[in-house]
Amino acid sequence: MAEDAALTTGIAHHGAARLPSVDIDSFNIELKDDEGFLGDRASKGAFRKIFDRWRKPLRKSGEDPFGDEPSDKISKKKLDEMLIGDDTEASAVVHSAIEEFAQELAYVTRRFLNTKAWAKTERIVVGGGFRDSRLGELAIARTDIILKSEDFKVDMVPIRFHPDDAGLIGTLHLAPSWIFEAHDGVLAVDIGGTNIRCGVVETRWKKAPDLSKATVWKSELWRHADDEPTREGAVKRLVKMLKDLIAAAEDENLKLAPFIGIACPGVIKEDGGIEKGAQNLPGNWESSKFNLPASLVEAIPQIGDHDTAIVMHNDGVAQGLAEVPFMQDVARWGVLTIGTGLGNARYTNRKKDNGKDEKAEKAEKKDRDDDGDKNGKKARKARKADA
């Protein structure tokens with residue numbers, strides 16, 4: 001797979017700890033206490049269990065304002081409406097659940113901050129689907145206040161981009177900036193245990209070289225959990241989604257860079273394999289015989305006139321990377337993504353030192369321009385010979 005790693009990237013290793021803008025100090029830490037994994041105490045499911053507990057006293061008296069609807073089926077939108085509605089009991093139940101969840105999130109965050117990897121963290125960005133609600137924003141704000149009351153010198157803030165977009169936009173930061181020159185956008189993939197989302201991310205690099213104005217131009221969502229496909233079926237569907245997006249970009253004269261950034265659950269190995277953490281994906285993605293970047297390069301060997309380069313990283317890492325442009329006033333920061341579990345990553349910003357990083361990027365670009373086509377042709381010949 002080492003050879004495949006070179007053929008699928010050409011610009012960086014998969015799952016790298018050192019990226020163009022940040023060093024990744026840690027990610028996907030699995031802390032435990034007497035009750036099990038800490039992440040389970042501050043997940044989307046944990047909030048629903050807390051909410052259900054606060055409904056029980058009212059349910060026993062036959063005065064539950066939410067009726068017979070199960071707690072895990074009530075939408076975030078409905079809960080948000082209850083927060084500001086006229087039904088004070090319903091509002092009180094939701095507020096009570098938010099407060100208890102915030103206490104749990106503060107406990108978990110405290111444990112992270114006390115680890116060596118998270119020492120001196122100055123800001124924590126909170127993403128994931130839970131953040132996309134008023135109740136999520138209140139829980140984050142309440143957690144921030146709790147931590148400050150305990151003299152933790154850290155700010156906790158919601159992620160700026162919509163969680164659905166953040167994972168796609170974050171993949172831009174897996175590649176050096178030179179790859180965006182003369183192009184309008186890139187392909188990005190965000191793989192989850194329930195959905196696979198593909199998109200064209202418009203970099204707007206000329207307006208904002210730090211990628212702060214990047215936006216998702218077009219995206220497609222496939223809820224693979226409903227279809228229960230095989231691993232090969234999932235890859236086939238993913239390839240079709242990407243090719244459809246390439247065609248849509250061509251129709252609109254939007255020039256794509258020859259790059260695909262992938263956010264994927266689990267510990268991503270240098271060669272593009274997955275070491276662990278992909279148990280919720282369709283089929284066995286941790287097999288030594290499976291390599292998603294290599295499969296995609298084989299299916300999409302070129303984008304435009306250039307060989308396709310792919311870089312894959314952990315999905316929590318990628319979502320946090322969307323915040324890179326807005327974290328330049330701190331040195332060390334982290335991300336927590338509240339979803340099925342609690343994703344986590346900690347970053348240290350890389351400082352530009354007299355233009356040395358820019359020079360290194362330009363030298364790397366020249367090397368790629370010099371031998372990229374040659375290596376690409378060799379790789380394609382090898383694949384045809386194997387076939």
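Predicted model: local features only at pLDDT ≥ 70, side-chain atom pairs only at ≥ 80, totals over all residues.

Residues are numbered from 1 along each chain as its sequence is written, and side-chain values use heavy atoms, with hydrogens and water left out.

**Stop 1: the whole fold.** Go back to the cartoon and you'll find 11 helices and 14 strands. These are DSSP runs numbered from the N terminus (helices: H or I, at least four residues; strands: E, at least two). Now colour by burial: of the 387 residues, 50% count as buried. Buried here means under 20% relative accessible area, exposed means over 50%, and partly exposed is in between (1.4 Å probe, protein chains only). Take contacts (heavy atoms within 4.5 Å) between residues at least 6 apart in sequence: 71% of them join residues at least 24 apart.

**Stop 2: helix H5.** Select residues 134–149, which make up helix H5, and show the side chains of Asp144 and Lys148. They meet in a salt bridge at 2.8 Å, N to O. The term covers a side-chain nitrogen of Lys or Arg within 4 Å of a carboxyl oxygen of Asp or Glu. The two residues sit 4 apart, about one turn of the helix. Asp144 is buried at 15% relative accessible area, whereas Lys148 is partly exposed at 36%.

**Stop 3: Arg131 and Glu137.** Select this pair next for another salt bridge, 3.0 Å from N to O. Arg131 counts as buried because its relative accessibility is 13%; Glu137, at 26%, is partly exposed.

**Stop 4: helix H8.** Jump to residues 231–251, helix H8, and pick out Lys240 and Asp244. Their side chains form a salt bridge of 2.9 Å, N to O. Because they are 4 residues apart in this helix, about one helical turn separates them. Asp244 is partly exposed, with 31% relative accessible area.

**Stop 5: a network.** Finally, select Asp52, Arg55, Arg59 and Asp64, which salt bridges link into a network. To keep exploring, there are 21 salt bridges across the whole structure.
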